[in-house]
Amino acid sequence: MSPKLSIVVPAYNEAARLSGSLRKIVTYLNQTRVESELIVVDDGSVDDTAAVAEQSLADSGMVEARVIRYEKNRGKGHAVHTGLLAAQAKIAVFSDADLSTPITETPKLVDPIRNGECDLTFGSRALDRRLIGVHQPWRREQGGRIFNLIVRLATGLPFWDTQCGFKAFRMNVCRPLIEAAQIDRFGFDVELIYLAYIARLRLREVAVRWDDNPASKVAVMRDSFRMVDEVRRIRREVDRGAYSEAISAARTAAMVEQKHSLHATGLSSALRDQRNEESVDARVKTN
């Protein structure tokens, strides 16, 4: 059977902490007893990330698990794109390797998609800061807020946190956007959300638990400037129509999905009404 949920974990030089994270994910997925797959994408690591992943996933129970590896480091965005496009399930989640957002928060993102309410959901640290257990250093936290303000001003996106490493996708709708994505490094989150927003997909920013990991690989100044440049590039590519075909395909897929959802809802209501009528008839005959 095809899995009902895919989890994608991008990893670059994560040999020291990956094993613990993968064990937590596998344990969680086995406990939920939902047919699922776990895909680890080794983004050209120079340490033993791939070997650690393969060893950690050797006994994954009912979870289908595999490691995708390529030699050259391409960036977190490329790793996420690679994992998502390899996913077999209709719903795919990507999670940072450090599990800053616990994997147990998965239903917050998956349920709105599974229930036909959303096409793309993403975790947010900004909506309810009471859910942050361990905060980032002040400088990094303020840098993140400034970057998200720049994103809002540059794109018109109405969201306050595009960078949390915890997102879920309805794959038949989002796949064209992922295939067309150009940003391989940290600005990839903005690209996918912005394209989905232009395509008028159903998006939802969801408050999630989150703890800062001091081993984060983001360099505040260097990567902030790089991400701002990437946002400018995304706007430029949108303006020249580079994503137009993908946006149209995603919009069409979303419309088809919503029609199917409405049809299924209508059938369920009709069946429920029919059962109610049959129950009333049965009570009348009994009386």
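A: The model is predicted, so local features need pLDDT of at least 70 and side-chain atom pairs pLDDT 80 or more, while totals for chains, interfaces and linings use all residues. Residues are numbered from 1 along each chain as its sequence is written, and side-chain values use heavy atoms, without hydrogens or water.

Leu-177 belongs to the largest nonpolar core, which has 46 residues. Such a core joins buried Ala, Val, Leu, Ile, Met, Phe, Trp, Tyr and Cys through side-chain atoms within 4.5 Å. Buried means under 20% relative accessible area, exposed over 50%, and partly exposed in between (1.4 Å probe, protein chains only). Within this core, Leu-84, Phe-169, Leu-177, Leu-201 and Leu-203 touch the most other members. Helix H7 (residues 188-198) gives the core its largest share, seven residues. Helices (H or I, at least four residues) and strands (E, at least two) are DSSP runs, numbered from the N terminus. A second core of 32 residues is separate; Leu-5, Val-40, Val-93 and Leu-99 are among its members.

Now the rings. Three aromatic pairs turn up across the whole structure. Rings of Phe, Tyr and Trp (its six-membered ring) pair with centres within 6.5 Å; planes under 30 degrees apart are stacked, over 60 edge-to-face, the rest tilted. Phe-122 and Phe-159 are edge-to-face, because their ring centres are 5.0 Å apart and their planes stand at 85°. Phe-122 sits in strand E5 (residues 120-124) and Phe-159 in the loop between H5 and E7, so this pair ties together parts 37 residues apart in sequence. Both Phe-122 and Phe-159 are buried.

Phe-159 has another partner, Tyr-197. Their ring centres lie 6.4 Å apart with planes at 80°, so Phe-159 and Tyr-197 are edge-to-face too. Phe-159 counts as buried because its relative accessibility is 11%. Tyr-197 has a relative accessible area of 35%, so Tyr-197 is partly exposed. Together, Phe-122, Phe-159 and Tyr-197 form one aromatic cluster. The loop between helix H5 (138-155) and strand E7 (166-170) also holds Trp-160. Trp-160 counts as partly exposed, at 43% relative accessibility.

Charged pairs come next. Side chains of opposite charge can pair when their charged atoms come close. A salt bridge puts a side-chain nitrogen of Lys or Arg within 4 Å of a carboxyl oxygen of Asp or Glu. The count is 20 salt bridges.

Arg-170 and Asp-119 form one of them, with their closest N and O atoms 3.2 Å apart. Arg-170 lies in strand E7 and Asp-119 in the loop between helix H4 (106-114) and E5, so the bridge ties together parts 51 residues apart in sequence. Arg-170 and Asp-119 are both buried. They also join Arg-202 and Glu-257 in a network of salt bridges.

Arg-130 and Asp-128 form another bridge, at 2.9 Å between the closest N and O atoms. Arg-130 is exposed at 74% relative accessibility, whereas Asp-128 is buried at 18% relative accessible area.
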